[in-house]
Amino acid sequence: MKTTSVSEAVASPVRLGRLSIGALGILALALGALQSVVEPALPLLQRELGVSPAEGALIGNALLITGAVITPVAGKLGDRYGGKRVLVRLMAVVSAGGLMASLAPNLPVLLLGQVLQGVMVGALPLSFILVRKHLTTGQSHAAIGLVVALFTGGSMVGMLFAGPIAEGLSWQWMFALPTIAIIAMTLVVARLMPHDPPVRSDDGIDWPGTVLLSGTLLAFMLGLVTVTGDGGVPPLAVGAIAMVVAGLATGWVVVERRAASPMVDLRMLAKPAMWNACVLTFVITASSGMVLFLLPQLFAVSADGYGFGAGTTDIGLFLLPGAIAGAVSDSVGGLAARRFGARAVVLVGTVVTAATMLALASLHTAEWQLVLAKVLTAFAAGVGTTALLAGTATAIETKDIGIATSLLVVTRVIGVAVGAQIAGAILDAGAEPTTGRPAESAFVTGFAVAGFVAALSLLVVRIWKKGVQA
């Protein structure tokens, strides 16, 4: 009997205390803040670094691309090597990126810092691994909810305080302060969090696929900036860029098809439900990504012309209602999909987004018009993509849920990045030769294109309906 009790005591996981859970929560808060400071400060960063809108779009997109690649890998790393061990190492990378961004003298160094910061996306699944291993089911649900809520809240904190920090100190401190908090909380987590045993698995990490996918995305984004930049590039250079992107993409597909444990299971894309969901998610998020980039730029344009001359603090306040709407939409989307069906929710969201963008193309002379447009599009996009996640999770086999939802999360991030980059290219193309400032017609074009891209979802929904009926 004594031997049995000792064995059970050894097998029982060490429970997390409130301090450990609190440290994970504050770490999530700091990560959310670091992730969000760029959005309201992007016009300021472009001025300080002397870069064009298309180049400025890369600042936020570099983080998104890394996040898209690390999402399906972080969980596997945590299972194989232990959640605490991998979390601490990822936070070291994030901290290095934050410090690099805070000391960046130019755009390339800042972009590298953003790339390193992008691994922060992996902190959420690793936190979930830790709480599930060390807490009961009910307690883990509460702890996961706390971590997610604080990460979302951190995004709002970063959006609000980016302006006062940048204007009161400097833009470098926008990155430095959250990074200091991340370093401090990582040390606390490393000290207080009990070790979790790794789970043995025969499945390897698809590093070739990971490298090729990230290379494909980065080459595409850099190619888009190069092709649409001032003066353009010769046709041969355009062809060379296209060949590089196509070669990397082809290599990635070949590797994924042959990999024993691919990062992205391409067979999933052949399923109609998965294919339609990915296409719709990409189109919806590409449109919202354009809005995400265009609105801060328009707020920042000098009030002498057609803009509002808003500083970073004011831009953060203007964008905050949209951030709140986006956070609320994530909880509403699943409920709406269960009540009305994913296709109906996407249809309504598409109509709202397209109508809002087309209206904004002609009505953008008051701040409230832009704020309302941000709220409507953020809510519509959030509800639509969450409904697609929920609908796909219920339409496929249980064993494929993890793969399917990871694909949709990756598609969601890539869509936002591509949309922002396209919007930056439109503003670059419509810049005035003398001032370098985008003409009002460039914003009109951007809003109209965003509305058209959103309207493409109607065509996809129509095809989806025919496929279901067939």
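## A nonpolar surface patch

A patch is made of residues with over 30% relative accessible area and no salt bridge, where like charges are joined within 9 Å and nonpolar side chains (Val, Leu, Ile, Met, Phe, Trp, Tyr) within 5 Å. A salt bridge is a side-chain nitrogen of Lys or Arg within 4 Å of a carboxyl oxygen of Asp or Glu. In this predicted model, local features need pLDDT of at least 70 and side-chain atom pairs count only at pLDDT 80 or more, while totals for chains, interfaces and linings use all residues. Residues are numbered from 1 along each chain as its sequence is written, and side-chain values use heavy atoms, leaving out hydrogens and water.

One nonpolar patch on the surface is formed by L169, W173, L177 and I180, which together have about 380 Å² of accessible area (Shrake-Rupley method, 1.4 Å probe, only the protein chains shown counting as cover for residues). L169 sits in the loop between α8 (137-168) and α9 (171-192); helices are DSSP runs of H or I, at least four residues, numbered from the N terminus. L169 counts as exposed because its relative accessibility is 54% (exposed is over 50%, buried under 20%, partly exposed in between; 1.4 Å probe, protein chains only).

## T313 in helix α13

T313 belongs to helix α13 (residues 312-340). With a relative accessible area of 19%, T313 is buried.

Leaving aside residues up to four places away in sequence, T313 touches G163, P164 and E167 (contact means heavy atoms within 4.5 Å).

## P105 in a loop

P105 is found in the loop between α5 (83-102) and α6 (107-117). P105 has 62% relative accessibility, so P105 counts as exposed. P105 and E48 are 57 residues apart along the chain, and their C-alpha atoms are separated by 9.8 Å.

Technical notes: Helix = DSSP H or I, 4+ residues; strand = E, 2+ residues; numbered from the N terminus.
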